[in-house]
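Trainee: Could you walk me through this protein, one question at a time?
Mentor: Gladly, let us look at the structure together.

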Amino acid sequence: MDYRTLGRTGVEVSPLCLGAMMFGAWGNPDHEDSIRIIHRALDAGINFVDTADVYSRGESEEIVGKALAGRREDVVLATKFHGSMGEGGGRDPNKSGNSRRWIVKEVESSLTRLKTDWIDLYQVHRPEPDTDIEETLGALSDLVHQGKIRYLGSSTFPPSRVVEAQWAAQERGLERFVCEQPPYSLLVRGVEADLLGTARRHGMGVIPWSPLAGGWLSGKWRKGQDAPSSTRAQRLPARYDLSIPANQRKLDAVEELTLLAEETGISLIHLALAFVIRHPAVTAAIIGPRTSEQLESQLGATEVELSDDVLDRIDEIVPPGTNFSAADAGWINPDLEPAARRQREPARAARAF
């Protein structure tokens, strides 16, 4: 397997990154089976593993930690923070977010669950408008200096927030985000309009999540068939409910893409993954298998070469830079909420000097 440099770090990673979201209660609750899947991926040449504290409330990190026993030095290990880790799934306002208080505490929990002394890539899972980016970068920079993390990254940040973070790091002498983790697939191409170009201009790696569009491109979603049942569809109905016109349009596109894959002589899964890792801004696509069979169906994608004719056909089916559904972007701009557009800030009293 060929390897690629992650941004400007000098760290070499495989073009497929093993995502661990489906290991644990959210997907595969069998720890031993999940560990076998991780070992198979490593044996196949994947050296990049990505998880998050919030995946099955820490269970995913625990499984990854057990799987990497004796192999930690060979793996570029990434995890994320931001989501609520309150007891019983409740939202404790100080057990989530991007504040220094939470980062300093939660990194210790992740290190314990992962059974490691350091995290190669520690990522902010989502932007948070109420937390100063300089506070977040400052806390992460301290963790780099303490040797607990090697690099920092962002996930699902809009381009303006990416630029703001780069500017703040440069102006304040802080560690900078070395990569961004956005949603990107044949059905979710919105990041092509600005985000991918922004990342390239700032020398950032890009490691897209959900290159199979959350299962839409797995071959299980077909017109005239019942929609597959899954816990993901239950948790995220806006992305899967076929009564929503945007999701019907996705289903139409899947039909056309399936036919294109058959004409090309490859699987739809290989077409989808090869498309993502072909983009010059992309370092690695994050795959998220729940079973060994799913992993095996994805491994060969790195050997697939898509011709310009095939890419042109894809552009005709799904126009570049577009998403079918706003829900697929993974982050909704809070500035578009009614309260943000209609509520005036109270007048500030004049300062006395």
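Below, we go from the overall build to the sheet and then to the helices.

Mentor: Before you ask, this is a predicted model, in which local features need pLDDT of at least 70, side-chain atom pairs count only at pLDDT 80 or more, and totals for chains, interfaces and linings use all residues. Residues are numbered from 1 along each chain as its sequence is written, and side-chain values use heavy atoms, with hydrogens and water left out.

Trainee: What radius of gyration does the protein have?
Mentor: The radius is taken over C-alpha atoms, and the globule rule is 2.2 Å times the number of residues to the power 0.38. For 353 residues, a compact globule would come out near 20 Å. The model agrees with that, because its own value is 20 Å.

Trainee: Which strands stand at the edges of the sheet?
Mentor: Helices (H or I, at least four residues) and strands (E, at least two) are DSSP runs, numbered from the N terminus. Two strands pair if DSSP finds at least two bridges between them, and here eight strands form an open sheet with parallel pairing, in the order β9-β8-β7-β6-β5-β4-β3-β10. An edge strand has a single partner, so one of its sides is left without a neighbour in the sheet; these strands are β9 (205-206) and β10 (285-287).

Trainee: Which residue in β4 stands opposite Leu-18?
Mentor: Strand β3 (residues 16-19) runs parallel to strand β4 (residues 48-50), and two bridges join them. Opposite Leu-18, you will find Val-49.

Trainee: How are α3 and α4 oriented to each other?
Mentor: Axes are lines fitted to C-alpha atoms, for helices over the stretch in contact, and angles run from 0 to 180 degrees between N-to-C directions. The axes of α3 (residues 100-114) and α4 (residues 133-145) come within 9 Å and cross at roughly 30°. Angles under 35 degrees count as roughly parallel, over 145 as roughly antiparallel, 65 to 115 as roughly perpendicular and the rest as oblique. That makes the α3 and α4 pair roughly parallel.

Trainee: And how are α2 and α3 oriented to each other?
Mentor: The axes of α2 (residues 59-67) and α3 come within 7 Å and cross at roughly 45°. The two helices are therefore oblique.

Trainee: Which residues in α3 meet α2?
Mentor: Contact means heavy atoms within 4.5 Å. From α2, the partners are Glu-61, Glu-62, Val-64 and Gly-65. On the α3 side, they meet Ser-110, Arg-113 and Leu-114.
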